[in-house]
Amino acid sequence: MAIDDYTVHVVDDEEAARKSLAFLLTMSGFTVRVHESATGFLATAPTIRNGCLITDLRMPDMSGVELLRNLKTADLQIPSIVITGHGDVPMAVEAMKAGALDFIEKPFEDEVLIEAVKRVAAQLTDTADELDDASDIQARWEELTDRERQVLSSVVAGRANKTIAYDLNISPRTVEVHRANVMAKMKARNLPELVRMALNAKLDID
């Protein structure tokens, strides 16, 4: 779908953040609408056609996770991206469980956000769905060693390498090696993609 065929909705309680995102997206050719609260966006969501959402996670009136849960309850399918602070991966994972298609950690490069918007907007068309088949993901999961599965579970849960190393009684360097092997074997380009795989295929990661 061409970028002028849909609107990017930005939800953030901080005016400076809204203006910055709106400027970046507008200069990149997108049609943008900003919302200063999750509550305000939720009120207009039923009228949205061909739109995707970028929302901050931590907001005073309603968190990004709560917003996504409310959209899901109302059966409003709006492709969504959440923006999270560095180290806030566990909350981002909760957002993906609530329906977000991607999450981006601050600080991020402009191009990372632009590509994420294009990727989630592709979900607005049936022919653009590139989600990996669950059976393929399960097959990759089964190729992992027991230790690699433990590391994957911890990574998806948002734990830092040092925490994983402590929990598994191994060195942080060994965790890095296992983590690299997991990414390669699962064919995941980044952490959000690995999380999506785990959730979509309902992997046994508890």
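Tutor: Let us begin with Glu-66, which is partly exposed at a relative accessible area of 40%; buried means under 20%, exposed over 50% and partly exposed in between (1.4 Å probe, protein chains only). Glu-66 sits in helix H3, residues 64–73, where helices (H or I, at least four residues) and strands (E, at least two) are DSSP runs numbered from the N terminus. This is a predicted model, in which local features need pLDDT of at least 70 and side-chain atom pairs count only at pLDDT 80 or more, while totals for chains, interfaces and linings use all residues. Residues are numbered from 1 along each chain as its sequence is written, and side-chain values use heavy atoms, leaving out hydrogens and water.

Student: Which pairs show me how to read a salt bridge?

Tutor: Side chains of opposite charge can pair when their charged atoms come close. The criterion here is a side-chain nitrogen of Lys or Arg within 4 Å of a carboxyl oxygen of Asp or Glu, and the structure holds 9 such bridges. One of them joins Lys-106 to Asp-56, at 3.7 Å from N to O. Lys-106 is in the loop between strand S5 (102–105) and helix H5 (110–121), and Asp-56 is in strand S3 (residues 51–56), so the pair ties together parts 50 residues apart in sequence. Lys-106 is partly exposed at 35%, whereas Asp-56 is buried at 8%.

Student: What does the bridge between Arg-119 and Asp-102 tie together?

Tutor: Here the closest N and O atoms of Arg-119 and Asp-102 are 2.5 Å apart. Arg-119 belongs to helix H5 and Asp-102 to strand S5, so this bridge ties together parts 17 residues apart in sequence. Arg-119 counts as partly exposed at 31% relative accessibility, while Asp-102 is buried at 3%.

Student: And how far apart in helix H4 are Glu-94 and Lys-97?

Tutor: They are 3 residues apart in helix H4 (residues 89–97), or about one helical turn. Glu-94 is partly exposed at 32%, and so is Lys-97 at 47%.
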